[in-house]
Structures are given as structure tokens and as C-alpha cells.
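Biologist: Let us go through this chain together. Show me the structure, and I will ask about it.

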Amino acid sequence: QVQLAESGGGSVQAGGSLRLSCAASGRTFSSLNMGWFRQAPGKEREFVAAIGRHGINTYLSDSVRGRFAISRGDARNTVWLQMNNLKPEDTAAYYCAADPYNDSLTRPTYWGQGTQVTVSS
């Protein structure tokens, strides 16, 4: 069983930056495709970013492309989401996700508990 633990959420003003981290355990990290989703109040959970097992393929949603970046460090069993130029509409609970097979994380197998990001105008 894979456990995912997010950290790095918080409150920031519009235009600011945050970096989310997700530490994985329970399975060889390099065998996992990793990514991030978010869910704002009253909205469905949506895809944000994903990175393949080898760190070559990355995917970003249109709403964050150019502002967010995803990376991974296999030696640290960690994936990061660097979020720059944050906007109030980025406010959401951010969830780390993982899947052994699909690098675009269409239907992730594993989920973290989430970390809150709040962006004020």
C-alpha cells in the first residue's frame, strides 16, 4: 500500500509563490507516476499536474501552465509542485496522487489527504 503525505500548503497573497511537497512510501518511488489534483469548495476535483516515472513526461492543466511546475526527486521519494504567480482562483485543497501505470494520472490509484492553499486578493 502506498502512503502519500503532502506538505507546504498555506495562505499567500495573489502573485505570491508556494511549493508543495509530497512524500511517498510503501512502494519503490521510481515505479510510480506522480501528480497533483485540487478541489475548490463546491467544485469537482480537477487535474493540476503529473510527472512520469522517469521524470521525462510532464503534464500541466491549461489553467496553471506557465505558472506551476512539477518535479520529482527519486532519491528523496518526493514530488514537488512549485506554484508561482498564484491567483485567488487557485484556492483549493491540493491532493497528491500516484499510479503505477498511467503517467498522465487519468485515474490515480493512490491519494494523499490533501493540503490547503488559500490565495487572497
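Modeller: Our questions and answers on the structure follow.

Modeller: This is a predicted model, in which local features need pLDDT of at least 70, side-chain atom pairs count only at pLDDT 80 or more, and totals for chains, interfaces and linings use all residues. Residues are numbered from 1 along each chain as its sequence is written, and side-chain values use heavy atoms, with hydrogens and water left out.

Biologist: Which handedness does the disulfide of C22 and C96 have?

Modeller: A disulfide is a pair of cysteine sulfur atoms within 2.5 Å. The whole structure has one, and its sulfur atoms, from C22 and C96, lie 2.1 Å apart. The torsion about the S-S bond is about -80°, so the disulfide is left-handed.

Biologist: How many residues apart are C22 and C96 in the chain?

Modeller: Strands are DSSP runs (E, at least two residues), numbered from the N terminus. Both cysteines are buried, meaning under 20% relative accessible area with a 1.4 Å probe, protein chains only. C22 sits in strand β3 (residues 18–25) and C96 in strand β9 (residues 92–99), so the pair links distant parts of the chain, 74 residues apart.

Biologist: Which strands stand at the edges of the open sheet of four strands?

Modeller: Two strands pair if DSSP finds at least two bridges between them. The sheet has the order β1-β3-β8-β7, with antiparallel pairing. An edge strand has a single partner, so one side of it is left without a neighbour in the sheet; the edges are β1 (3–7) and β7 (68–73).

Biologist: By what angle are neighbouring strands of this sheet turned against each other on average?

Modeller: Axes are lines fitted to C-alpha atoms, and angles run from 0 to 180 degrees between N-to-C directions. For this average, direction is ignored. The value is 15°.

Biologist: Which residue of β8 is the bridge partner of I70?

Modeller: β7 pairs with strand β8 (residues 78–83) in the antiparallel sense. Six bridges join them. In β8, the partner of I70 is L81.

Biologist: Which residue takes a positive phi in the hairpin of β4 and β5?

Modeller: Strand β4 (residues 33–39) runs antiparallel to strand β5 (residues 46–51), over five bridges. F37 has F47 as its bridge partner in β5. Six residues lie between the strands, and the one with a phi near 80° is G42.

Biologist: And which takes a positive phi in the hairpin of β5 and β6?

Modeller: Three bridges join β5 to strand β6 (residues 58–60), again antiparallel. A49 has L60 as its partner in β6. This hairpin also has six residues between its strands, and the phi near 75° belongs to G55.

Biologist: Is R38 buried or exposed?

Modeller: R38 is in strand β4. Its side chain makes polar contacts (N or O atoms within 3.5 Å, one able to donate a hydrogen and the other to accept it; residues adjacent in sequence count only if both atoms are side-chain atoms) with the side chains of E46 at 2.6 Å and Y94 at 2.9 Å. At 5% relative accessibility, R38 counts as buried.

Definitions and conventions: Buried < 20%, exposed > 50% of the residue type's maximum accessible area, 1.4 Å probe, protein only.
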